[in-house]
Amino acid sequence: MGIIKVENIRVYANHGCLKEETIIGSDYRVDVEVKANLKPSSNSDALEDTVDYVFLNKVVREEMAKPSKLLETVAQRILNRFFDEDKLISKATVSVSKINPPIGGDVEMVTIQLSQKRKK
C-alpha cells in the first residue's frame, strides 16, 4: 500500500451560505490524500498502474467550480468521483479550506475534512 498526496491546490470558487459568497467568491485550498497499491507501478514504471495525480487535480478543479452552500458537499462530490473513476483508490481523504472566511474575526481559514474507504 502507498499514499499519493496532492497538496495546497489553490482555487477561486463561489461556495457559501451567504448570497454574497456565491456572487463574489473567495480563495480556497484543497488537499488530497489517496491510498492505493503502488507496488505494481513501482515495478512497471507505467502510469496506468498508478493513481494519476493529474486526474486528482482535475477532479478537484472541476468539482470546486460547481457552487455549493457547504464545503462538506464539495468534498463528498470529489470523493465520489475519485472512487467512481479510479478503481485503484482504496481510501481517500479530502480537505477543503476557505481562506479568510467571513465569520467576523481574524481567522486564517476554516477547513473540513472527509475520508472514505472503497466499499467492497
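In the predicted model, Tyr-12 stands opposite Asp-27, a residue of strand 2. Strand 2 covers residues 26-36, and its antiparallel pairing with strand 1 extends over 10 bridges. These two strands belong to an open sheet of 4 strands, which follow one another in the order 1-2-3-4 with antiparallel pairing. Because strand 1 (2-13) and strand 4 (109-117) each have a single partner strand, they stand at the edges of the sheet, and one side of each is left without a neighbour there. On average, neighbouring strands of this sheet are turned by 15° against each other when direction is ignored.

Two helices lie across the strands. Helix 3, formed by residues 53-64, lies across strand 1, strand 2 and strand 3 (89-99), and its direction makes an angle of about 30° with strand 1. Helix 4, formed by residues 71-85, lies across strand 2, strand 3 and strand 4, and runs at about 150° to strand 3.

Most residues other than glycine have a negative phi. Asn-8, however, has a positive phi near 60°, and this residue is found within strand 1. With a relative accessible area of 30%, Asn-8 is partly exposed, because this value falls between the limits of 20% and 50%. Asn-100, which is likewise not a glycine, has a positive phi of about 50° and lies in the loop between strand 3 and strand 4. The relative accessibility of Asn-100 is 58%, and this residue therefore counts as exposed, the cut-off being over 50%.

Notes:
Residues are numbered from 1 along each chain as its sequence is written. This is a predicted model: local features need pLDDT of at least 70, side-chain atom pairs count only at pLDDT 80 or more; totals for chains, interfaces and linings use all residues. Side-chain values use heavy atoms; hydrogens and water are left out. Two strands pair if DSSP finds at least two bridges between them. Axes are lines fitted to C-alpha atoms, for helices over the stretch in contact, and angles run from 0 to 180 degrees between N-to-C directions. Contact means heavy atoms within 4.5 Å. Buried means under 20% relative accessible area, exposed over 50%, partly exposed in between (1.4 Å probe, protein chains only).
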